[in-house]
Amino acid sequence: MPIMNLNMNRREFIKTLSGGALLTGAALTTACGSSESGSADISSAALGDIPTDKMEYRRGKHGERVSLLGYGCMRWPTVAGTSARESDSDIDQAEVNRLVDYAIEHGVNLFDTSPAYCKGYSERATGIALSRHPRSSYYISTKLSNFAPDTWGYKQSVDMYRRSLEYLQTDYIDFYLLHGLGMGGLENFRRRYVDNGVLDFLVSERAAGRIRNLGFSFHGETDMFDYLLSLNDKYDWDFVLIQHNFVDWHHAKQVNARNSNSEYLYTELEKLHIPVFVMEPLLGGSLASLNQYATSQLKQREPQRSVASWAFRFAGNQQGILSVLSGMTYMEHLQDNLRTFCPFKPLSDEELEMLERIADNYVSYPLVPCTACQYCMPCPYGIDIPTIFATYNRNINRGQVVTDLNDPAYGKARRRFLIDYQRNVERERQADHCIECNQCKPHCPQHINIPKRLNGINQLVEKLREG
Ligand code: SF4
Ligand code: SF4
């Protein structure tokens, strides 16, 4: 049985499990690209077939039978073989269709998108793929986004909603969300959704049956969350989307002082019997590629399970969780997740304790809590913010950020870090080009002080280069 190299990322690990054939250049290109590759078949052959009748389902507020694994449509593949979140290339519609077909065949019936995803093209691509299936065989979730204040007027908002119906090729939306409440606090909530009459309009659309469930996604602190829940008598929230994973359960404030522990958010929703959607089950991918301490703990327990699968099991563990959203670009991600949810195995108390210890360890590392959402992009000065943070976090996890010249690991770690940084971040897009204009800061749902963190990383790079 192949054993995971502790420095492998999730995709590399799954490929290794899938068989050596996938490690060839040609197969790698095919798996990332547009053609109907055989990666899923090879993976199934090595690990056993993924059952088509074992998906875990939970009940929505109005009796909907929703798959516990929901398809997040913010990372559709492009013709360049990358995710549309990180690339300007066109979405690879044939590959999107293939992923959607495979997901539906294996029991996934919730697809979550937004007008803001994939640079505005996610809803169209999702609509094309889904409309090839009977409308009764899937649920659509989409959002009234709030990222551009020039779209906050009543007319612009209603137009945005109607475009969602058009692009998704449907005359009703199963789950409709006010996007990103908590960002900008109470004032932005009132300006964006209440004072302009937009929320009242959406409530009337729900009464007319064109919206089946009305809810919101949340990034912020508990006083704002409490306020939104106090409006439940008025708006009768049908569901809420929260950031939830085994680190944010008890340590959200240590990762980011302006977020809320998901234990609190979940418990408050449970008291009101409001079903919960989960975002960031992998905390921006960082829980799929943990440090050596955590990886060895998980691998010792179940060598064949991916590191990511533990985070997904945690995210779906509570019965009030209706669906765990995962953005899956590649077939091997989808297959790995399907193995976790078909069937779904709840965590034992001992496993929960182990994840709690791993979370304690995780927050002792100085990671940047970037989830790679790209909302801060594009930077007008070309800085590749998410890639810089991802590269830094990866090297922290690998123990490759060593600044003490007397440390025996210094030379090797220094070389590896600098090579990784050079390879992954184009020279003119590195942190030293940030002029600290602050334009990116208000867009970050994780409330990261982006210029400050970039400056810190740049100082580290300069120090290592001198060294
Ligand atoms: S602060 Fe730096 S990273 Fe942010 S927008 Fe300005 S130049 Fe770009
Ligand atoms: S810095 Fe913030 S806005 Fe930018 S990608 Fe990371 S989490 Fe998203």
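Student: How do the residues of the shell around ligand 2 divide into nonpolar, polar and charged?
Tutor: Nine are nonpolar, three are polar and none is charged. Ala, Val, Leu, Ile, Met, Phe, Trp, Tyr, Cys and Pro count as nonpolar, Asp, Glu, Lys and Arg as charged, and the others, Gly among them, as polar. Before we go on: this is a predicted model, where local features need pLDDT of at least 70 and side-chain atom pairs count only at pLDDT 80 or more, while totals for chains, interfaces and linings use all residues. Residues are numbered from 1 along each chain as its sequence is written, chains are lettered from A and ligands numbered from 1 in the order in which they are written, and side-chain values use heavy atoms, with hydrogens and water left out.
Student: Which residues are around ligand 2?
Tutor: Among them are C370, T371, A372, C373, Q374 and C376, and also C444, P445 and Q446. A residue is near a molecule if one of its heavy atoms lies within 4 Å of it.
Student: Where are the cis peptide bonds?
Tutor: One joins M377 and P378, with omega about 0°, and P378 is in the loop between α16 and α17. Another joins C342 and P343, also with omega about 0°; P343 lies in the loop between α15 and α16.
Student: And ligand 1, which residues come nearest?
Tutor: C379, C434, C437, N438 and C440, out of 13 around it. That shell has eleven nonpolar residues, one polar and one charged.
Student: Switching to the fold. What does the sheet with eight strands look like?
Tutor: A closed barrel, running β3-β4-β5-β6-β7-β8-β9-β10 with parallel pairing. Neighbouring strands are turned by 30° against each other on average, direction ignored. Two strands pair if DSSP finds at least two bridges between them.
Student: How many bridges join β6 to β7?
Tutor: Six. Y176 has L214 in β7 as its bridge partner. Helix α7 packs on the sheet, touching β5 and β6 (heavy atoms within 4.5 Å). The direction of α7 makes about 140° with that of β6; axes are lines fitted to C-alpha atoms, for helices over the stretch in contact, and angles run from 0 to 180 degrees between N-to-C directions.
Student: Which element gives the most to the lining of the second largest pocket?
Tutor: α7, with five residues. The lining has 22 residues, and M183, G184, N188, P442 and H443 lie nearest the centre.

Terms used:
Helices (H or I, at least four residues) and strands (E, at least two) are DSSP runs, numbered from the N terminus. On a 1 Å grid over the protein atoms alone, a cavity is a set of points where a 1.4 Å probe fits but cannot get out, and a pocket is an open set with protein on both sides within 12 Å along at least five of seven lines; lining residues have an atom within 4 Å of a point.
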